[in-house]
Amino acid sequence: QVQLVESGGGSVQAGGSLSLSCTASGSITSILTMGWYRQTPGKERELVASTTDNDEANYADSVKGRFTISRNNANRTINLQMGSLKPEDTAVYFCNARLRRLIDLHYRNYWGQGTQVTVSS
C-alpha cells in the first residue's frame, strides 16, 4: 500500500507565502519523480512543479520565480515553497509520485488526497 500524505496549504492574502509538504510511504523500491499539480473547478489538473530523483526541477511558467520545489530522497518528501501568491493560484493542490513498489514491474502514478490553497485579493 502506497500513501502520499500532504500537509500545509490554507488561506493567505495576495503577496503572501505558503508551503506544502508531501511524504510517500509504503513498500516503495524507487521513486522517479515527485511533484505538485493543481486543479480548479471545471479545469483540468495542471502541473505546478516537479522534481526528479536527481533533483532536476520543472516548473509551470506561471509559477517560475515564485515557487520553489525541493526533495529529500531519504525521507521520500517534497516541499513546495510558494511566494508572491496571486488569487489565480487558488486551487486544490495534489501531490504526485511516479514510483515502483516491491511487487511492481513498472512505475505507476500515485496521488495524494489534495489540499486547498486559497489566495484572496
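# A walk through the predicted model

Residues are numbered from 1 along each chain as its sequence is written, and side-chain values use heavy atoms, with hydrogens and water left out.

Is D104 buried or exposed? D104 is buried, because its relative accessible area is 13% and buried means under 20% (exposed is over 50%, and partly exposed lies in between, using a 1.4 Å probe and protein chains only). The side chain of D104 has a partner in R101, with a polar contact of 2.9 Å between them. A polar contact is a pair of N or O atoms within 3.5 Å; within protein, one must be able to donate a hydrogen and the other to accept it, and residues adjacent in sequence count only if both atoms are side-chain atoms.

R101 and D104 also meet in a salt bridge, at 2.9 Å from N to O. The term salt bridge stands for a side-chain nitrogen of Lys or Arg within 4 Å of a carboxyl oxygen of Asp or Glu. Side chains of opposite charge can pair when their charged atoms come close. R101 counts as buried too, because its relative accessibility is 18%.

How many salt bridges does this rule give? The count comes to 5. One of them joins the side chains of R38 and E46, at 2.8 Å from N to O. R38 is buried, because its relative accessible area is 6%, whereas E46 counts as partly exposed at 39%. These two residues belong to a network of salt bridges that links R38, E46, R66 and D89.

Another salt bridge is formed by D61 and K64, whose closest N and O atoms are 3.1 Å apart. The side chains of D61 and K64 make a polar contact as well, again at 3.1 Å. D61 lies in the loop between β6 (57-59) and β7, and it is exposed, because its relative accessible area is 67%. Now look across from D61 to L47: they are 14 residues apart along the chain, and their C-alpha atoms are separated by 10.0 Å.

Next comes the interior. In soluble globular proteins, nonpolar side chains tend to be buried together. A nonpolar core here is a set of buried Ala, Val, Leu, Ile, Met, Phe, Trp, Tyr and Cys residues joined through side-chain atoms within 4.5 Å. The largest such core has 29 residues, and M34, W36, V48, F67, L80, M82 and Y93 are those with the most contacts inside it. At least two residues of this core come from each of β3 (18-25), β4 (28-39), β5 (46-52), β7 (67-72), β8 (77-82), β9 and β11 (115-120). Which strand supplies the largest share? That is β9, with 5 residues.

Leaving aside residues up to four places away in sequence, M82 touches G16, S17, L18, L20, R66, F67, Y93 and V117, where contact means heavy atoms within 4.5 Å.

The model also holds 1 disulfide, a term for a pair of cysteine sulfur atoms within 2.5 Å. It is formed by C22 and C95, with their sulfur atoms 2.0 Å apart. Because C22 lies in strand β3 and C95 in strand β9, the pair ties together parts that are 73 residues apart in sequence. The torsion about the S-S bond of C22 and C95 is about -80°, so this disulfide is left-handed. Both C22 and C95 are buried.

Finally, let's visit two backbone angles. Most residues other than glycine have a negative phi, and most peptide bonds are trans. R76, which is not a glycine, has a positive phi of about 55°. R76 is placed in the loop between β7 and β8 and counts as partly exposed, because its relative accessibility is 26%. S84 also has a positive phi, near 45°. S84 is found in the loop between β8 and β9, and at 43% relative accessibility S84 counts as partly exposed.

Definitions and conventions:
This is a predicted model: local features need pLDDT of at least 70, side-chain atom pairs count only at pLDDT 80 or more; totals for chains, interfaces and linings use all residues. Helices (H or I, at least four residues) and strands (E, at least two) are DSSP runs, numbered from the N terminus.
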